[in-house]
Amino acid sequence: MRRAKVFSGTSHPELTEHICERLGITPAPVALKKFGNQETSVKIGCSVRNEDVFIIQSGSRNINDHLMELLIMISACKGASASRITAVMPYFPYSKQSKKKKYRGAITAKMVANLLSVAGVDHIITMDLHASQMQGFFNKPVDNLYAEPSIAKWIQDSVPEYSTGVVVSKNAGGAKRVTSLADRLKIDFALIHTDRTRVLRNNSTTTVTPVNEVSTEESISISDEDKNFSFQTSNTTSNNITFAIINDKKYDDEDDLPSSSTSFSEEPLFSEENELNCSNTITLVGDVAGKVAFIVDDMIDKAGSFIAAAEHLMKRCNAKRVYVISTHGILSNDSLIEIEKCKSIHKLVVTNTFPIPLENRHQSTKLEIIDVSATLAEAIRRTHNGESISYLFYTAL
Amino acid sequence: MSTNSIKIFAGNSHLELAQLVASKIGVDLSKVVVLKYSNQETSVTIGESVRDEDVFIIQSGCGEINDNLMELLIMINACKTASARRITAVIPCFPYARQDKKDKSRAPITAKLVANMLTVSGANHVITMDLHASQIQGFFNVPVDNLYCEPSMLKYIKTEIPDWKNAMIVSPDAGGAKRATSIADRLNLDFALIHKERKKANEVSRMVLVGDVNGKVAILVDDMADTCGTLITAAKTLKDKGAIKVYAIVAHGILSGKAIDVINEPYLERLVVTNTIPHEDKKRVCPKIDTIDVSPTLAEAIRRTHNGESVSFLFSHAPE
């Protein structure tokens, strides 16, 4: 590629290597480090004047650091007179926060889009955005690539009896994604539904976590708005502390709270007792008996909801085998180990858009990683040459 | 001294709704003359002072959609240049909301363009209802309050559908599954899903029902009914699968093209739409259409916005 430079952030050097290998170039030199006070420092190691610059940076565990790094790199290239700067973000950070939740939520994905634009980005290449509407957050062109062709190819190559299989969505929000894959593979689909309100009613023995920051008045208004939280005032404490009962948070992936949430502790929810209580309210719409089931979603962060879905499919619905498939394998905390222990899940299939540390990969025998670097590399090549990339939406490379 | 009172203006798209909203708040609609020059340009004359006032402009995205949008933009701009303190566009049905993503190569994101146009013309705040995708809120750099018809729908189901306890909530496509499950949860009912399946190339797509409706009343739930093609095929499928009756509840009843003819076919018991879009004339030729009045929700949202109160209450409650 003439007059093009590909830079790599520190989030996912392995993916950059794969991409550059496909493009037949070496990553352009850049020195990325941190000052003693934790500020990020970027030194572009070659001239980018009038060059077509691509910066590859995915999300990662240190998401804020890597986002900042990307912004600084973009800004540095802009200041160094690059002719065009394309951010290649296989996993778009904060993409789950793409809409206002029912009360006062920030649309952080939109803010990230604004930050990128302000830093000076001219073009974005990303993959399987949580909501494709996010392309509208930018005033710049966004190419949202799909992992679906690669995933479909993997299923066709690796699962012999896939043609009698069923693609399953583990929540209603993902139904559309799943039907698209089912159509491509020409197989049936089903849907798992977890009823949160009914969970609330059935589930009396929930973990109680003190919430001191929330005043009584406000907590009542929140309980009106969101069924996931119900608040009660404890009679046993004298100083009128408000208690929060958080139900079923682990199944509630669309509205996931961050795991390091300051006001609510989620950890106690992973108790056995809770799991048993909640799994009663899972319903499967569709039929998987005697068939191979593919639970498909765009990202797998915590494993709880996937495990619950897989258990339900195997134990109550008599599925033959369960594959968990998702594009972005975020797999935070001990998700990999939990999945490893879960007998109901046969394989976990993710793509390499999100970095999974080597030592974690060794923990799991069920993990399969699909390489999507070819799709990303081809998108970069076509973008550079001004060719159409529509071809990549339907074809696995 | 400024009074900073509510001024409600109405465009030509849905005067009736604007009047309902204004009467709920207890004010008269402010004077505005919106007409067209002979060369089809829209002309707006604001008939009273808006200096330092809190202006709400009610205009729905329906009928002559481009004319109505242009009218709204010009009205916002007219109020802006007339020194209004704050201008809130109340858009019950957001125009171009379905063009919210690049679903095909080179597709324009027109909803984003509309958002930009509203912001550029000077809107400080947007109130809308049941956006096709709530991500559209992120297209704006100004606050957007996306109200829900759901509480009104729930109320309707509980009061107007006699055997609702024996009902199934059905989504006519996979994209609407989330909306349907939310209603099903609130009513403690089961739900099912219809999927247009393309088994093989060149084969006519067929509808597949995921779930069981045999011997039940089926309530189809969607955010929009345009030509009603999908809705009727869905109703037909449900009837074939043994549903006793099929109701459809839809937030925005655009009802264009052959919609009235297909609704009059015997598959659908009743089609319930909200009055975010005017449909009185259609109601006269099609007795199956029933209306949910959402003006109380809009009026309350306007009142609360004006007074700086929280609107969250309206997300789960339908005011009288």
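The structure treated here is a predicted model.

**Exercise 1. State how chain A is divided into domains, and describe how domain 1 and domain 2 of chain A meet.**

Step 1. The assignment for chain A gives domain 1 as 4-147 + 374-394, domain 2 as 149-195 + 281-370, and domain 3 as 200-267.

Step 2. Between domain 1 of chain A and domain 2 of chain A, the C-alpha centres are 28 Å apart.

Step 3. Where these domains touch, domain 1 of chain A contributes 16 residues, which are in contact with 11 residues of domain 2 of chain A; the side belonging to domain 1 comprises 7 nonpolar, 7 polar and 2 charged residues.

**Exercise 2. Carry out the corresponding description for chain B, using its domain 1 and domain 2.**

Step 1. In chain B, domain 1 covers 6-147 + 295-316, while domain 2 covers 150-198 + 205-292.

Step 2. The C-alpha centres of domain 1 of chain B and domain 2 of chain B are separated by 28 Å.

Step 3. Contact between them involves 12 residues of domain 1 of chain B and 11 residues of domain 2 of chain B, and the domain 1 side divides into 5 nonpolar, 5 polar and 2 charged residues.

**Exercise 3. Work out the strand order of the open sheet of 5 strands in chain B, and explain why β1 and β7 of chain B each have one side without a neighbour.**

Step 1. The order is β1-β4-β5-β6-β7 (chain B), and the pairing is parallel.

Step 2. Because β1 (6-10) and β7 (144-147) of chain B stand at the edges and have a single partner strand each, one side of each lacks a neighbour in the sheet. From one strand to the next, the twist averages 20°.

Step 3. The partner strand β4 (residues 54-58) of chain B pairs with β1(B) over 5 bridges in the parallel sense, and within this pairing B:Lys7 stands opposite B:Val55.

Step 4. Helix α2 (residues 65-81) of chain B packs on the sheet, where it touches β1, β4 and β5 (86-91) of chain B, and the direction of the helix makes about 165° with that of β5(B).

**Exercise 4. Determine what chain B brings to its contact with chain A.**

Step 1. The contact takes 38 residues from chain B and 38 residues from chain A.

Step 2. On the chain B side, α3 (110-121), α5 (177-187), β9 (190-197) and α10 (313-316) of chain B each supply at least two residues.

Step 3. By class, this side of chain B has 13 nonpolar, 13 polar and 12 charged residues.

Methods:
Residues numbered from 1 in each chain as written. Chains lettered and ligands numbered in written order. Predicted model: local features only at pLDDT ≥ 70, side-chain atom pairs only at ≥ 80, totals over all residues. Domains from an automatic or database assignment. Contact = placed C-beta atoms within 7 Å. Nonpolar A, V, L, I, M, F, W, Y, C, P; charged D, E, K, R; others polar. Pairing = 2+ DSSP bridges. Helix = DSSP H or I, 4+ residues; strand = E, 2+ residues; numbered from the N terminus. Axes fitted to C-alpha atoms, helices over the stretch in contact; angles between N-to-C directions.
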